[in-house]
Amino acid sequence: MKPVDILKKIAFRHTSWFKPQYPYNTEPIQLATLVNQMERLRDMPGAIVEIGVARGLTTRFLCEHIVKSGIRDTPYYALDTFQSFLAEDIDFEVQHRNKKRSELQGNFGYNDFSIWQKNFCEFPFVKAIQADCSTFDYASITPIKLVFLDVDLYIPVQKALPRIYEALSPGGTILVDDVQDNSLYDGACQAYMEYCAQNNIFPSVVGNKCGVIAKPVTTDQSLTVSPLNKRVPDQAEFTSLPAYAMQGKFNTAQAGILHS
Ligand SMILES: C[S@@+](CC[C@H](N)C(=O)[O-])C[C@H]1O[C@@H](n2cnc3c(N)ncnc32)[C@H](O)[C@@H]1O
């Protein structure tokens with residue numbers, strides 16, 4: 001046995017170094033949904049945009065799919081402050097949403113824009129953008145066909161969603177992470193539910209926390225039904241949505257959890 005193999009054997013049997021880990025904050029079904037949406041939209045011109053990339057775990061996973069499946073001519077914009085949460089966004093969570101500053105401050109403070117760019121230099125289609133998603137001009141990167149919005153807090157999701165929807169191509173999809181009540185990052189959930197209520201969109205959640213917004217191909221649909229939806233809500237169900245969305249009493253069961 002080679003020395004390196006002896007070391008591996010010792011490490012596997014006597015340490016946890018070789019213990020398999022799940023490094024993603026996103027659920028397997030979210031990653032699967034992102035891949036499926038990339039395939040569904042494969043022939044549609046337009047960019048994929050991940051908003052809130054942290055160190056790039058999901059970015060790296062999806063780069064692998066882009067390369068392995070031969071997707072071409074599709075820019076992948078990776079937008080982040082690269083400096084963790086903005087102070088004013090944390091202030092809102094603390095002052096209006098009963099969150100503890102200590103649980104939010106510095107969570108992604110390790111990040112660094114130039115190191116992040118260097119880490120992805122082997123994927124030239126990845127274009128990193130350092131910006132606040134609440135104020136970024138999404139029209140500058142249109143057409144956009146798929147967005148993964150993963151910025152956790154209420155204010156950036158609430159401010160970014162209408163701007164992203166405006167820039168999204170008809171037929172495109174927005175997936176919002178952390179659409180899960182009673183969690184540290186349930187600000188994302190509140191903002192998603194409010195946006196749906198205000199825009200007559202039936203909320204649908206893939207897995208435990210992935211909110212879906214699908215932009216219809218035609219403009220005459222008053223009720224947006226995601227291609228991921230398994231059912232169309234009846235009118236009574238639909239009209240009750242704004243009430244509980246606005247009262248903050250929603251949960252993913254009410255929103256209609258989808259396991260596709
Ligand atoms: C949960 S992490 C993203 C994880 C990543 N999508 C993944 O799956 O590996 C949240 C990221 O959102 C970023 N973020 C928070 N507020 C933001 C804002 N206003 N504009 C841009 N990025 C923001 C943070 O810097 C952090 O990197």
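The axes of helix α7 (residues 154-167) and helix α8 (residues 186-198) come within 7 Å of each other and cross at roughly 30°. Here an axis is a line fitted to C-alpha atoms, for helices over the stretch in contact, and angles run from 0 to 180 degrees between N-to-C directions. Helices are DSSP runs of H or I with at least four residues, strands are runs of E with at least two, and both are numbered from the N terminus. Two packed helices are described by the angle between their axes and the distance between the axes. For this pair, the angle means that α7 and α8 are roughly parallel; that label covers angles under 35 degrees, while angles over 145 count as roughly antiparallel, 65 to 115 as roughly perpendicular and the rest as oblique. The crossing of α7 and α8 is right-handed, a term used if the near helix is turned clockwise from the far one by less than a right angle, with anticlockwise giving left-handed.

The model is predicted, with local features needing pLDDT of at least 70 and side-chain atom pairs counting only at pLDDT 80 or more, whereas totals for chains, interfaces and linings use all residues. Residues are numbered from 1 along each chain as its sequence is written.

Which residues in α7 meet α8? They are Tyr154, Val157, Gln158 and Leu161, and their partners in α8 are Gly187, Ala188, Gln190, Ala191, Tyr192, Glu194 and Tyr195. Two residues are in contact if their C-beta atoms, placed from the backbone, lie within 7 Å.

The protein chain as a whole has ten helices and eight strands. Of its 260 residues, 37% are buried. A residue is buried if 20 or more other C-beta atoms lie within 10 Å of its own, exposed if 12 or fewer, and partly exposed in between, with C-beta atoms placed from the backbone. Among contacts in the chain with a separation of 6 or more, 73% join residues 24 or more positions apart.

Leaving aside residues up to four places away in sequence, Ile66 touches Ile71, Thr74, Tyr76 and Phe125. Ile66 and Phe125 are 59 residues apart in sequence, yet their C-alpha atoms are 9.4 Å apart. Ile66 counts as partly exposed because it has 18 C-beta neighbours inside 10 Å.

The backbone also deserves a look. Most residues other than glycine have a negative phi, and most peptide bonds are trans. A cis peptide bond, with omega about 0°, joins Thr142 and Pro143, and Pro143 lies in the loop between β3 (126-130) and β4 (144-149). Asp73 has a positive phi near 55° and sits in the loop between α3 and β2 (76-80). Is Asp73 buried or exposed? Asp73 is exposed, because 7 other C-beta atoms lie within 10 Å. Asn200 has a positive phi of about 55° too, in the loop between α8 and β6 (204-206). With 14 C-beta neighbours inside 10 Å, Asn200 is partly exposed.
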